[in-house]
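Trainee: Could we go through this model together? I would like to start with the overall picture and then look at individual elements.

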Amino acid sequence: MLSTQTINIEENIGTIGATLQETYGRDFDYLALNTKSNILSHKEVRQALGYGINKKEIVNTIYAGKYISADYPLEYGSYLYTKNEEANQYNPDKAKQILQMNGWEYRSGVWQKKENYNTLKLRINLVVNSENETRVKIANLIKKHLEDIGILVTVTSVKGPTYENYLKNKNYDMIFTGVTIGLSPNLDRYFGEGNLANLENNEAKEIQKELISISDEKTLKEKYERLQKIYEEERGYIGLYFSRTTTIYGTRLGATVGSNWFNLYYNIENWHRKN
């Protein structure tokens, strides 16, 4: 029995003589949107970006359908996550509608808005690490998705040290990054001090403090549901996908294995060998 995040595992073990079970992996990739930048300080623009990116196409095109499109960092199966199909849905018409409702006009091939006697144009910079070729491909696919709805994107592909400086100084509109999910649910990187979106939400900060002393499961879930709602409304981040973990075991092993990335031997007390 073994567990792997290799997406082309069939090339190594074939398709017979083993049972393959797939589930969420630990790697979560996302975009951080700088809420202090000139354009992305407008919440409606951030929300439009969320609806304008086709995550399923990214997964199918880049990862041959082997990764799992996702919006939220607890979407891997945590009991603290509440499923919300709309938040993870590609809807370019809704993206345009949100912009129109907030005073943006589509003219000369780009969305524009008059503000304080100046004309704002939806031109956004997306920073990506050039040493991660897969992410560079995805960044260019995202550029295409957004330009299809009139949001112009410049992909800035930079080497590791320069990329780290962007992360440190937060001098970007959007940056492509990712995280390896820990064993305990923790949303501090998205709401806490120094977060990559420069997101300031007092309610989220207060909830984060309260979580330390909450032991009641029902109350805990209610608090995390509210944090999820804030995450979706503020749209300081756009989740893209989780990696996929494959558990491989012999065909003689009976019962439902139920393995996942944090417990390979989940439900082991009910395992048995088939006759």
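Mentor: A word on terms first: helices (H or I, at least four residues) and strands (E, at least two) are DSSP runs, numbered from the N terminus. On that basis the secondary structure of the chain comprises nine helices and 12 strands. This is a predicted model, in which local features need pLDDT of at least 70 and side-chain atom pairs count only at pLDDT 80 or more, while totals for chains, interfaces and linings use all residues. Residues are numbered from 1 along each chain as its sequence is written, and side-chain values use heavy atoms, with hydrogens and water left out.

Trainee: What box do the C-alpha atoms fill, and what percentage of the residues count as buried?

Mentor: Along the principal axes, the C-alpha atoms occupy a box of roughly 80 × 45 × 40 Å. Of the 275 residues, 48% count as buried; buried means under 20% relative accessible area, exposed over 50%, and partly exposed in between, with a 1.4 Å probe and protein chains only.

Trainee: What share of the contacts comes from residues 24 or more positions apart?

Mentor: Among contacts in the chain with a separation of 6 or more, 74% are between residues 24 or more positions apart. Contact here means heavy atoms within 4.5 Å.

Trainee: Let us turn to helix packing. At what angle do H2 and H4 pack?

Mentor: Helix H2 (residues 43-52) and helix H4 (residues 92-101) pack at about 170 degrees, and their axes are 7 Å apart. The axes are lines fitted to C-alpha atoms, for helices over the stretch in contact, and angles run from 0 to 180 degrees between N-to-C directions. That makes H2 roughly antiparallel to H4, a label for angles over 145 degrees; under 35 is roughly parallel, 65 to 115 roughly perpendicular and the rest oblique.

Trainee: Which residues meet there?

Mentor: From H2, Glu44, Val45, Gln47, Ala48, Tyr51 and Gly52 meet Pro92, Lys94, Ala95, Ile98 and Leu99 of H4. The residues of this contact divide into seven nonpolar, two polar and two charged. In that scheme Ala, Val, Leu, Ile, Met, Phe, Trp, Tyr, Cys and Pro count as nonpolar, Asp, Glu, Lys and Arg as charged, and the others, Gly among them, as polar.

Trainee: How many of the residues of H2 are buried?

Mentor: Eight of its 10 residues are buried, so H2 is largely enclosed by the rest of the structure. The buried residues of H2 are Glu44, Val45, Arg46, Ala48, Leu49, Gly50, Tyr51 and Gly52.

Trainee: On to strands. Which way does S9 pair with S2, and which way with S7?

Mentor: S9 pairs with strand S2 (residues 18-33) in the antiparallel sense over seven bridges, and Asp27 has Thr180 in S9 as its bridge partner. With strand S7 (residues 123-129), S9 runs parallel and is joined by two bridges; there Leu126 is the partner of Met174. Two strands pair if DSSP finds at least two bridges between them. Five of the seven residues of S9 are buried, so this strand is largely enclosed by the rest of the structure.

Trainee: And in what order do the strands of the open sheet come?

Mentor: This sheet of three strands has the order S4-S5-S6, with antiparallel pairing. Strand S4 (105-107) and strand S6 (118-121) stand at the edges, each with a single partner strand, so one side of each has no neighbour in the sheet. Neighbouring strands are turned by 45 degrees against each other on average, direction ignored. S4 is joined to strand S5 (residues 110-115) by three bridges, and Tyr106 stands opposite Trp111 in S5.

Trainee: A change of topic: what is the phi of Lys170, and what is that of Arg235?

Mentor: Most residues other than glycine have a negative phi. Lys170 has a positive phi of about 55 degrees, and Arg235 has a positive phi of about 50 degrees. Lys170 is in the loop between helix H6 (160-169) and strand S9 (174-180), whereas Arg235 is in the loop between helix H9 (217-234) and strand S10 (237-250).

Trainee: Are those two residues buried or exposed?

Mentor: Lys170 is buried, with a relative accessible area of 17%. Arg235 is also buried, at 6%.

Trainee: Lastly, what is Gln208 in contact with?

Mentor: Gln208 lies in helix H8 (residues 202-211) and counts as buried at 16% relative accessibility. Leaving aside neighbours within four places in sequence, Gln208 is in contact with Leu187, Asp188 and Leu227.
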